[in-house]
Each structure stands twice: as structure tokens, then as C-alpha cells.
Amino acid sequence: MGAVQGAKVIVTGAGGGIGAALARRFAAEGARVVVNDLDADRAKSVAGEIGGIAVPGDASGIVDEARDALGGTADVYCANAGVAFGGGDAAEPLDEKAWTLSWDVNVMAHVRAAHALLPDWLERGSGRFVSTVSAAGLLTMIGAAPYSVTKHGAYAFAEWLSLTYRHRGIKVHAICPQGVRTDMLDATGTAGDLVLKPTAIEPRAVADALFQGIAEDRFLILPHPEVAGYYQARAADPDRWLTNMNHLQQKWEAAE
């Protein structure tokens, strides 16, 4: 694909799952890829597989090191690292650590990366920011308040980046899948079993959807096409949508 052939790409959270699939696909398309992950061994394993460069560490602070590893510039940044915490009852004791970490990884890491990347991108009039959000960022997810709320924030930030800078050459893509067969899906418990696993897809299908979206120059990437209908229904009749989601909540509670 011409859009990424020879590009310098950074993928966070790329030691497995969606991130590893993105790193593999970019490398297969001729890009030079930095593989970031908190787990250094996993980052090195994927980087070795694709001929990339491992830059382990917290995704919030690796832009400078990753750019240096790529020769001083980056063309594409995939903000893929994320965390998922449950918390389905607001009456339960508040786990502020879970909320703080969710905001930091799922939202602020994207903000920090954009802050570091934009000056160079705006100066040269090009750059591509890929945000791995979730269908939860368009809709919501039962049993996971910190995840749902921060994924809405991640989607809103990607939207803001796109509407603010698209006339200056900055491309932004928000990937919003439902269930994907990763370690994160396995950790969602009975809520994930009910809502996500029946239609779960492989990580490589998410990478395929992104590259189709890049080819078509689309902001919103929906690896599960049915999410578009859910999103439209939510906007058209919020009360009906909330009632239906509450029925799902009750079904989950009955199964617990």
C-alpha cells in the first residue's frame, strides 16, 4: 500500500493482540516498525519476527525514544496500548486506582503522544494517528465503567484531532471493534462471555479493517460492521437504546 510503503511507524501495546497484528501488517506492507510494549520480552519477540525495533516501556513516554530509533521522525503512530477494568455498580466502593490508570493509559497516553508528534507533523504537512478505541467508545459496555468512560474519551480525542488538523495534512483513524480474541477479552469475565465472545474476531481482522479504512481515507474503522447500526440506533432514540442495554444488564446480573 502506497500510503505506508517505507513509512516509519510506532505501535504501542504491540507485544500481542491487536497491537502485534498491526505491527505485522505495517511491516508486511513495507513500513519500518517500532514495537512498544510494557513487557520487554514480548516487544522483542514481535520486533524480531517482523524485522522491527523493540522499544519497551510505558506507552505514555516513548515517542522520543521511538523516533530516535527510526532515525528522528515518525510517520504513523498507533495508540493501541490500553487497559480494561470492570466496575459495574456505582454503589460499590470506588477503585480510584483503576479509574486513574484507565484515564492515563486509555486517554492521556494518546494526548501526550499527539502533543509530542504534532509539531513535526504540522511543519511538514503530514502524519497519521491511529487510535485503537473500542465499540465501547461509541456505545458502552456493561460491567466496565472505567473502560467505557475512558474509551468514550479516547474516541472524542481522536475526533477532535481529525476535525482540528485534517486540513493541515494530518490523517486520523479511530478503530472501534467489539470483541477481539485477545488476552483482554479473556479478562472480561461473564460480561464479555455474554456480549463480546459470540461475535469475536481475530486480531488480524482488525488490522485488515484498518488498512481498508486507510485505502478509503475513512476516520471511523468498524471491524464489526453491525456497530454502525447500533450507533445510529443509539443516536436516534437514546431511551429505547438504554432500555435495551438495561435488559442486557439484567440478563448479565441474573447469570452472575
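Q: What makes the contact between Glu29 and Arg25 a salt bridge?
A: The closest N and O atoms of Glu29 and Arg25 are 3.0 Å apart. A salt bridge needs a side-chain nitrogen of Lys or Arg within 4 Å of a carboxyl oxygen of Asp or Glu. The pair therefore qualifies. The model is predicted: local features need pLDDT of at least 70, side-chain atom pairs count only at pLDDT 80 or more, and totals for chains, interfaces and linings use all residues. Residues are numbered from 1 along each chain as its sequence is written, and side-chain values use heavy atoms, with hydrogens and water left out.

Q: Why can such side chains pair at all?
A: Opposite charges can pair when the charged atoms come close.

Q: Is Glu29 buried or exposed, and how do you know?
A: Glu29 has a relative accessible area of 17%. Buried means under 20%, exposed over 50%, and partly exposed in between (1.4 Å probe, protein chains only). So Glu29 is buried.

Q: Which other residue forms a salt bridge with Arg25?
A: Asp208 does, with the closest N and O atoms 2.7 Å apart. Asp208 lies in helix 8 (residues 203–215) and Arg25 in helix 1 (residues 17–28), so the bridge ties together parts that are 183 residues apart in sequence. Helices (H or I, at least four residues) and strands (E, at least two) are DSSP runs, numbered from the N terminus. Asp208 has a relative accessible area of 41%, so it is partly exposed. Arg25, Glu29 and Asp208 are linked in a network of salt bridges.

Q: How far apart in helix 4 are Asp120 and Arg124?
A: They are 4 residues apart, which means about one helical turn between them. Their side chains meet in a salt bridge at 3.0 Å, N to O. Asp120, at 24%, counts as partly exposed. Arg124 is partly exposed too, at 34%. A search of the whole structure finds 10 salt bridges.

Q: Why is strand 5 called largely enclosed?
A: 6 of the 6 residues of strand 5 (residues 127–132) are buried, so the rest of the structure largely encloses it. Gly127, Phe129 and Ser131 point one way, while Arg128, Val130 and Thr132 point the other way.

Q: What makes strand 4 and strand 5 a pair?
A: Two strands pair if DSSP finds at least two bridges between them. Strand 4 and strand 5 have 4 bridges, in the parallel sense, so they meet the cut-off. Val76 stands opposite Arg128 in strand 5. Strand 5 also runs parallel to strand 6, joined by 6 bridges. There Thr132 stands opposite Ile175.

Q: What is called a nonpolar core, and how many residues has the largest?
A: A nonpolar core is a set of buried Ala, Val, Leu, Ile, Met, Phe, Trp, Tyr and Cys residues joined through side-chain atoms within 4.5 Å. The largest has 44 residues. Ile10, Tyr77, Leu117, Phe129 and Leu161 have the most contacts inside it. Among the elements that each supply at least two of its residues are helix 3 (63–69) and strand 4 (76–79). Helix 5 gives the most, with 7 residues. Apart from this core lies another, of 32 residues, among them Ile18 and Val130.
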